[in-house]
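Here are my notes on this model, as numbered points. Please read them beside the coordinates.

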Amino acid sequence: MDGKVEPRDRPLIQRRGAPVLLLAPVGALLLLLFVLPQAGMLAASLDAPRWSFAHYAHFLGDAHYLGVLGRSLLLGVLVVAVTLLLGLPLAYWLARLQSRWAPALLLLATFPLWISAVVRSFGWVVLLARSGLVSTALRDAGLVGRSFQLLYSMTGVVLALAQVLLPFMLLSLYGVIRAISPELERAAQNLGAGPLRAALLTTLPLAARGILSASLLVFALSVSAFATPSLVGGARVQLMSTTIYEQMTELADWPFAAAVAFILLAVVGFIAILYTRLGSGADGVARR
Amino acid sequence: MMRVLGLVSFLAFLYLLLPVLVVVGSALGETSYLAFPPHGLTLRWFAVALADPRYAHAFLTSLVVAAASTLAALLLGLPAAYALARFDFPGRRFVETALMMPLILPALVLSIALTLLFSRSGFTAGTARLVVAHLVICTPYVVRVALPVLQRLDVALEEAAQNLGASPLAGFLLVTLPAIRPGAIAAATLAFIVSFDDIDLAIFLADPRAPTLPVVIYSAIQLGIDPGVAAISALLVLLAGAGMATYQILLWRRQAA
């Protein structure tokens with residue numbers, strides 16, 4: 001694994017059953033309120049006890065819903081791209097910053113995580129609306145037409161969601177880059193490489209696993225996000241999460257909502273398996 | 001190269017913090033519609049928001065739910081983290097991975113699943129539903145934060161306590177718990193924030209007669225934004241800012257000590 005201390009082989013509490021006893025409450029919680037409800041949801045989506053794939057066939061046979069699935073996956077890819085583009089330089093800068101302020105700056109960068117998604121999205125609604133700062137600036141620059149606004153558009157959702165998820169990308173990458181010795185870059189520079197070339201040739205390849213792992217995490221969180229797409233994208237940007245919400249509340253088609261939810265769960269579950277197989281990435285660096 | 005990186009980092013910080021500052025700024029404007037930068041300066045909307053009983057009730061509900069979920073998550077999560085840190089048993093890696101699943105799988109899907117389960121089993125009304133749901137997403141955070149802290153803790157401390165006659169439980173309460181206090185505080189802070197800020201579970205599972213603050217704000221934004229919503233959101237931002245500043249100051253104090 002990583003730098004963690006392995007569990008001692010001299011158990012403090014001598015009874016064999018101690019770990020079972022300590023883990024039983026959490027196990028019961030997850031079984032009753034995590035596994036069981038989602039299994040029940042799967043059964044509901046299959047019209048138990050009649051059992052049919054009708055709701056899945058409905059979803060997969062309808063171009064509208066396939067478009068919704070595709071848009072959610074595209075959103076994930078775009079958010080990963082934006083968070084990588086900003087997160088990689090920021091993480092590298094903070095990791096190599098020789099300052100006592102670096103930890104405080106890292107904490108400041110996580111500020112969006114301290115605030116409810118609803119409140120953060122509200123800030124974006126104000127910024128992206130027709131009269132908002134961003135849309136007005138783009139109009140004044142003559143880049144877009146008079147009726148232009150980013151609110152209720154895919155671009156707006158990507159911008160707002162990437163801001164929320166950038167701290168996740170940053171924290172993961174910061175840990176990965178900190179685990180890579182700067183001596184390697186110095187050695188490359190002594191051999192004649194410029195600073196950028198040295199970073200690209202030594203640190204970047206070592207961080208590759210961590211970058212992939214952080215990207216999978218951000219992708220999974222983007223595809224699942226609900227509040228931000230719902231408030232910033234509205235009815236114009238139909239995604240998996242907003243479709244589930246709409247089916248549950250406005251149309252009250254619970255079995256179909258359950259089927260859409262299970263398809264989303266399957267997509268994210270697949271990413272989660274890849275993510276746990278890969279580890280956090282910082283471990284990979286330590287082992288080399 | 002560091003200079004270019006510094007510039008990109010500055011822009012990244014601007015991107016991270018601007019929407020949050022906009023929330024505070026737009027609540028200060030004099031106009032009854034929202035504008036950023038604000039026109040004129042007034043604290044009137046804060047008075048309006050604070051006088052609105054809907055927000056006061058919702059704030060109280062959110063506090064109660066978050067406090068209850070955090071306490072319960074600590075009671076369930078700390079023993080689990082302790083077991084994972086101290087004992088080696090078959091399936092330990094599996095348990096560790098399984099405990100992390102609620103962190104990465106969609107909360108909205110869990111929300112739907114719990115709504116179906118609760119409505120079928122007749123567990124329909126009341127705030128307890130939401131507390132129970134929040135427990136599922138808060139407990140893994142407690143385990144995740146407490147586990148590395150417990151793994152770093154020297155087992156000899158507890159052994160010494162037991163050699164001096166303390167029972168395993170007394171050893172844990174008197175020695176281990178004080179030693180991992182910073183980790184437990186971090187875990188509690190995280191669990192509290194996760195519950196207090198949650199919308200995915202609350203939107204379906206909160207008591208319709210006593211919604212949490214994020215649910216009230218969510219509905220208000222959909223109905224059309226007014227400065228009252230901006231003011232209550234701004235207060236939440238300031239509260240989070242104060243929380244983060246306190247956290248950082250405590251960290252500095254510990255380092256100085």
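1. Chain A has 13 helices and zero strands. Helices here are DSSP runs of H or I, at least four residues; strands are runs of E, at least two; both are numbered from the N terminus. Along the sequence, the pattern is α-α-α-α-α-α-α-α-α-α-α-α-α.

2. This is a predicted model: local features need pLDDT of at least 70, side-chain atom pairs count only at pLDDT 80 or more, and totals for chains, interfaces and linings use all residues. Residues are numbered from 1 along each chain as its sequence is written, while chains are lettered from A and ligands numbered from 1 in the order in which they are written.

3. The C-alpha trace of chain A spans about 70 × 65 × 30 Å along its principal axes. Of the 288 residues in chain A, 48% are buried (20 or more other C-beta atoms within 10 Å of a residue's own, with C-beta atoms placed from the backbone).

4. Now the interface. In chain B, 75 residues are in contact with 72 residues of chain A (C-beta atoms, placed from the backbone, within 7 Å). Helix H1 (residues 2-26) of chain B gives the largest share of chain B's side, 14 residues.

5. The largest nonpolar core has 178 residues (buried Ala, Val, Leu, Ile, Met, Phe, Trp, Tyr and Cys residues joined through C-beta atoms within 7 Å). Domain 1 (53-224) and domain 2 (230-257) of chain B both give residues to this core, so it lies between them. The domain bounds come from an automatic or database domain assignment.

6. B:Ile217 is among the residues with the most contacts inside that core. Beyond its neighbours within four places in sequence, B:Ile217 contacts A:Val118, A:Val119, A:Phe122, B:Val229, B:Ile232 and B:Ser233.

Terms used: Buried ≥ 20, exposed ≤ 12 C-beta atoms within 10 Å, placed from the backbone. Contact = placed C-beta atoms within 7 Å.
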